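Subject: Handing over the structure

Dear colleague,

I am passing the structure below on to you, together with some notes on what turned up when it was examined. Please look at it first and then read on.

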Amino acid sequence: MLFSIRTTWYTQLAKPNHFGAVSGVLDLRGFDFSSDETITMNGEWEFYPLKLFSPAELKETNAQKNRSLIQVPGKWVNSLYPDHSTNIGYGTYRLHVLVTPDSSRDFSMRLPGIVSTSALYVNGQLLARSGSPAESREKNISQVVPKTVSFTTDKSELDIVIQVANYENKRQGGIIRSIKIGSDKAIEKEKWFSISMQIIVVVVMALHAVYVCMLYLIGIKQKPLLSFLMLILSALLMTIVDDDKLLFFLFPLPYEWNIKLAYVSFVGVAAFLLSFAKSLVSHKMRFPLFCWFSWICTLCAITILLTSASTTLLLSSLYFCLPLLASLILLAQSLRTSQRNDSDAIFLGLGVTSIMTNVVGGFIKAIWWPDIGYYPVDLIVAFLMFASYWFKRYFRASTQTAELAAKLQEADKKKDIFLANTSHELRNPLHGMINIAQSVLEEWDRPHSTKGKENLELLVAVGERMSLLLNDLLDLARLQENGIRLNTRDLKLQAMAAGVTDMLRFMLDGKPIQLIMDIPDRFPEVVADENRLTQILFNLLHNAVKYTNEGTISLTANIENGFAIISVTDTGIGMDAETQKRIFLPYEQGVSHPADSAEGIGLGLSITKQLVELHGGMLGVHTAPGEGSCFYFTLPLAKNASREVPVQKELTRMEIAVTAERPFSSDSPPLPIGDRPSLLLVDDDPINLTVLMNILSPESYEISKVTKGMDAISLLETREWDLVISDVMMPGMSGYELSRMIRERFTLSELPILLLTARSQPEDIRTGFLAGANDYVTKPVNAEELRSRVRALTDMKKSTQERLRMEAAWLQAQIQPHFLFNTLNAIAALHVVDPDRMNALLVAFGNYLKASFDFANSGRLVPLSHELRLVQSYLYIEKERFDERLEVIWEVDESLSVQIPPLSIQPLVENAIRHGIMMRIRGGVIHIKIIEANDCVEITVADDGVGMNEDSLHRLYTPKQSSSSGVGIRNTDRRLKQIYGKGLHIQSAPDQGTIVSFTVSK
């Protein structure tokens, strides 16, 4: 039916061409221009290929030599060049139109969009221009917009000249659609009829877009609405860039964008049509292409926007097929769905059919009826069908479905988070218990010591912590079924609080936190279930410890209105208003920063609130971001209890206070003892740190531990470290971020990193390696595996250190041939003129060779005097060689007694002389300065040589060099970084000399 309507529309509006141009002449003297009819100017036109003649130039005799005839409308593919076919080029069309002279008659012409640039002249006057045709691509300005011109004349002949240029469209060029002529009234009538049809369609689609936006904004935020909106906008764009090209009247864009926007709209209609229908009946549509169709359309749209118009036209068949393919798929699916169980799908099928008819009909129109104006019926019917389907089906069930889907998604998300957190929280205590027990077993045959007792106490504390966690899991189900029964009795709050704080003592080990219990000894008894009160206090105090990095945690109690008010106050991170609203809900956790990794399973506060309410009390919180939190709850007092808060003596209060304060510090001496590897342990859980200490202690490591990543970063500069062992999930700074910061200063071999993680998914492991980790171990850790991996990484670090030291010694032993040759020449010369100087030079040369080959150069540290003897011998030789060209200034504190890396000063001195001072003809001065600065010694080598620019400084640190230049400097820099955490500091500028300095610990 739709095709029948379209065909009838076309046949009724088609204009027969009663006349026809012959040999460039069109005789319209018999045509009635006073009627409302228009006539096409089809036929044989004069054509001047590869020439853009003006009307005046065409009157010249030479212009007629290039004259040929061409059929209009039609492509000029075979008319531009005699030897090959192409649509790329330019030319001039000319037609002589014979009319009956009438000075009062108004003529109008309607020019379609001519590919891709045109200019119209009538009787020598320029009346219209679309773009700017030129004989070169660079000067040509392409634009394809239909033009309507009006004019009057009293002549009997109209000389019509049209200049055309095309440099973009390889598929078609020239005047490919009919040019119409008639009275001004007739042309305007036909023009506005076509434009009106487009405007009607645009208004209909705009109304659909408006109500879709309103539905989305008032709360039904579903994907089908967005897909339908994008489908409307794509169809609207397709409408305003086709036929009369309404968009380009408002925005005169180049022809290239005319092509791109047209085909992007085609692709958009295909993509969003499928997306819209699929989102509505997704449970019934299982066609495999759905998964790939959106990606194909996205790729096509990107290709259209990023490539040239020529490429777009070459692939136009593919783009044209996408809407057809989408329509055929959806038509088949909607018909099948309507036959089964959804009668509303027939509306969807009709809408899809309308769009398919519009696409196919447009293709047929372009071939058979290119001169007919815009046809609006198909798109109007399509969107009316979509709207009918939308209102009949979607609004009937969308609200309920949205609510259920949101609840299910939220529940599923919470379930996943809950399972992940539960797994993590159970694995951590299990990891600790296994390794503590293994440590006790390994020491069983030894005399029982205090350490063994401490390990067993720690094992019990971890077990109790794990038991409370499991109790939370059981209580969750009981609370949901109202299955908890309280066994209340009169209890002393002080004793209960003391027991809970003792359980938390191991969690505070290593954290700079002071836990204060400020409850008077004579505080009245409360009515509560003993086990449940323990659970309440533990959850609140454990929560405070978890979110407090340093400061105090206070447990206090007061009396108000016959109830005991127990408060847990901390100096932690606090919470914002949004977090406060959800912290008492199941599975919720308060995290102050995206980088924080909250522990726990998200049940503690929710269960605590319900338990407090079962006791007849209430639980609340006062908090602010960065200002800590105060959780408080109420419990009823015992019947015979005093309603006044007793005054507590200060001495008693201090005896009851349980202090777990341990300021941040290293647990080891500041310097390593002998060759024991130095390990830095980083974990926010003190129990985990204790477990690691127990595992690694038998291996005789020098171990320091910290609970925060930033503390670890601060420690890196204090001494040399052989290995960093870090947990991944830590608040404030994760193990990944810590690894990235370490890698900014140390390479993989200079400071290895071993990550501990409770997750072993490939993406987690890959993230760790990308962050800079050398290895990883999955929790719960196997003790032997951890020791083996630690031993392997520390051995690698040790071998790297030895390689660097041997490299420095080897570089020094490789005496440059020219240095040796020049020194021997100097000795030979002095033999004749000054034997005493020759003897002194021989002694210095011997000392230099002895120091260069000294085995101590392969060691880690040597006395400063040893290094200075080598430098003095070298400078004596160079001074004898260069005499007045070299001046040496010494500024050395003779009382200094310090160990420095071997061959750390000599390469700097040699580099300053060879590449700085001696590059000048006049020579220069080298200044060696060694002074004491606070707790370190600063060594500086300065020269007034040629200096270096920034590029040279950068290349000096770059290891990839074709020659050995700079190897000694880089070696020295790396060794200093490994030992002291800081390398060389170089200041230099062209013609201003160079200053190289470094510091060593005393």
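Is Leu 306 buried or exposed? Please keep in mind, here and below, that this is a predicted model. With a relative accessible area of 69%, Leu 306 is exposed, and its place in the fold is helix α7. Leu 306 also belongs to a nonpolar patch on the surface, which it forms with Leu 250, Phe 251, Leu 253, Trp 257, Ile 302 and Leu 305, and the accessible area of these residues together comes to about 710 Å². Helix α7, which covers residues 290–306, gives the most to this patch, namely 3 residues. Trp 257, another member of the patch, has Lys 260 lying over its face, at 5.2 Å from the ring centre.

The aromatic rings come next. A search of the whole structure finds 11 aromatic pairs. In one of them, Tyr 48 and Phe 53, the ring centres are 5.7 Å apart and the planes stand at 80 degrees, so this pair is edge-to-face; both residues are buried. Phe 107 and Phe 151, by contrast, form a stacked pair, with 5.6 Å from centre to centre and 15 degrees between the planes. Because Phe 107 lies in strand β6 and Phe 151 in strand β9 (residues 147–152), this pair ties together parts that are 44 residues apart in sequence. Phe 107 counts as buried at 1% relative accessibility, and Phe 151 is buried as well, with a relative accessible area of 10%. Ring pairs also link these two residues with Phe 31 and Phe 33 into a cluster.

Some details of the backbone may also be worth a look. The peptide bond that leads from Val 72 to Pro 73 is cis, with omega near 0 degrees, and Pro 73 is found in the loop between β4 (68–72) and β5 (89–98). Another cis peptide bond joins Val 115 and Ser 116, where omega is about -10 degrees; Ser 116 is placed in the loop between β6 (106–111) and β7 (117–122).

Asp 883, although it is not a glycine, has a positive phi of about 55 degrees, and it sits in the loop between α25 (864–882) and β25 (886–892). Its relative accessible area of 46% makes Asp 883 partly exposed. Leu 903, which is not a glycine either, likewise has a positive phi of about 55 degrees; it is located in the loop between β26 (899–900) and α26 (906–915), and at 2% relative accessibility Leu 903 counts as buried.

With kind regards

Terms used:
Residues are numbered from 1 along each chain as its sequence is written. This is a predicted model: local features need pLDDT of at least 70, side-chain atom pairs count only at pLDDT 80 or more; totals for chains, interfaces and linings use all residues. Side-chain values use heavy atoms; hydrogens and water are left out. Patches are made of residues with over 30% relative accessible area and no salt bridge: like charges are joined within 9 Å, nonpolar side chains (Val, Leu, Ile, Met, Phe, Trp, Tyr) within 5 Å. Accessible areas come from the Shrake-Rupley method with a 1.4 Å probe; for residues, only the protein chains shown count as cover. A salt bridge is a side-chain nitrogen of Lys or Arg within 4 Å of a carboxyl oxygen of Asp or Glu. Helices (H or I, at least four residues) and strands (E, at least two) are DSSP runs, numbered from the N terminus. Buried means under 20% relative accessible area, exposed over 50%, partly exposed in between (1.4 Å probe, protein chains only). Rings of Phe, Tyr and Trp (its six-membered ring) pair if their centres lie within 6.5 Å; planes under 30 degrees apart count as stacked, over 60 as edge-to-face and the rest as tilted. A charge sits over a ring if NZ of Lys or CZ of Arg is within 6 Å of the ring centre and within 35 degrees of the ring normal.
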